[in-house]
Amino acid sequence: MSKLVALCPECEAEIDLQNRLVGEIVYCPDCNAELEVTNLEQPAVALAPRVEEDWGE
Amino acid sequence: MSQVRVAIVGGSGYTAGELLRLLLFHPQVEIAQVASSSHAGQYVHSLHPNLRKLCGLRLCHYDDLSTCDVIFLCMPHGTAMQAIERYRNLAPVVIDLSADFRLRSPDLYLRWYGKEHPQPELLAQAVYGLPELHRQELREAALISGTGCMATAAILGLAPLYRAGLVDQGLPLVVDAKVGSSAAGATPGPGSHHPDRSGAVRSFQPTGHRHSAELIQELGALAGVGGSWRQTLAFSATAVELVRGVLVTAQVFLNTDLDEKVIWRLYREAYREEPFIRLVKERSGVYRYPEPKILAGSNYCDIGFELDTDQRRLVVMAALDNLVKGAAGNAVQALNCRFGWDETLGLTFPGLHPI
């Protein structure tokens, strides 16, 4: 059985999509990017929109 | 296999205290003796109070040291080299945490320490005790050097780039190191007096820091330039309001256009199998980049980076505990390498959060 794995668009870490649903939010284990599952047939994720943090810059 | 019998010389200092803390829980090690020139007769826990009820040993004088399997030397810089033959006659493996045997080249030593090394032939024999770079040599080593705490962070942070030949050596390498007060050792001085040290952000060595020599040696070897290092290295050191901790921020210019995914790939490949190197670069949260605060007491070196694509400028951050991965923990890891043990033995403490 082939692995259901996508690559993080931020850091290319492998994202396990086993038992996930399209539209679900997952997190990259390496860079902690918030990712939206966009495809399970051809496993893919996309960066989820986020609110920018204010670091006092 | 029977336990390896270890002696620690210079037992009153912070690195000796850390060695004791780690080795007391090492399943392959028996601490046979702890020696001190100034505190002979006192209990170990009177100097290292965290070890009360864990270590019943009393410090002995240097003259009372017996033969053993391994001697750790935790004395001030310039001391071990004066009596190194005596210690080598007492044990087949000597691990010196001072700066005395870190450099392979007598010329490099002269340039950075301002005097001739009294045992230049031993410089070539000693192994720079950084397992991530010298694992194979450590397995046969009889004389192992400790590594400078700030140098360790900088070298580990930059090694993948130099090994891959991605650094533009025609442009400067700028390394800023922030370090906690314990790196200055256990002997107090005017600079460590609480009213002056507390709250300090003190540029104590903007130029000329001796850890530069370790970067030149190790990164030069990775880059294949050996002793012909020509790149401008601008290393500066700042004392900050920490007891433990080093944060190195290195700025290096790449010789080709890359994106961050390539850098991720490079570092992931370099350190995937390393038990104490962690990549820390997160898109959100508080601990997005390496932070020494959460590494206190642990043997980890956390490494992160960010690429300024417009300038091909890569900023590399590396953090560690100066007394652990920057000194005693790294020495224990080198010991584990030397005896072919699992490198994590005695070193599994993960640090604290919150702290």
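Let's start with helix α1 of chain B, residues 14-23. Eight of its ten residues are buried, so the helix is largely enclosed by the rest of the structure. Buried means under 20% relative accessible area, exposed over 50%, and partly exposed in between (1.4 Å probe, protein chains only). Helices (H or I, at least four residues) and strands (E, at least two) are DSSP runs, numbered from the N terminus.

A word on the source. This is a predicted model, where local features need pLDDT of at least 70 and side-chain atom pairs count only at pLDDT 80 or more. Residues are numbered from 1 along each chain as its sequence is written.

What does α1(B) pack against? Its buried residues, among them B:Leu19 and B:Leu20, pack against β1 (4-9), β2 (29-35), α2 (44-47), β3 (70-73) and α11 of chain B.

Next, the interface. Eleven residues of chain B are in contact with 13 residues of chain A; contact means heavy atoms within 4.5 Å.

A salt bridge is a side-chain nitrogen of Lys or Arg within 4 Å of a carboxyl oxygen of Asp or Glu. B:Arg265 and A:Glu12 meet in a salt bridge, 2.8 Å from N to O.

Last, B:Leu352. This residue lies in the segment after α11 (328-338) of chain B. B:Leu352 counts as partly exposed, at 44% relative accessibility.

Terms used: Chains lettered and ligands numbered in written order. Heavy atoms only, no water.
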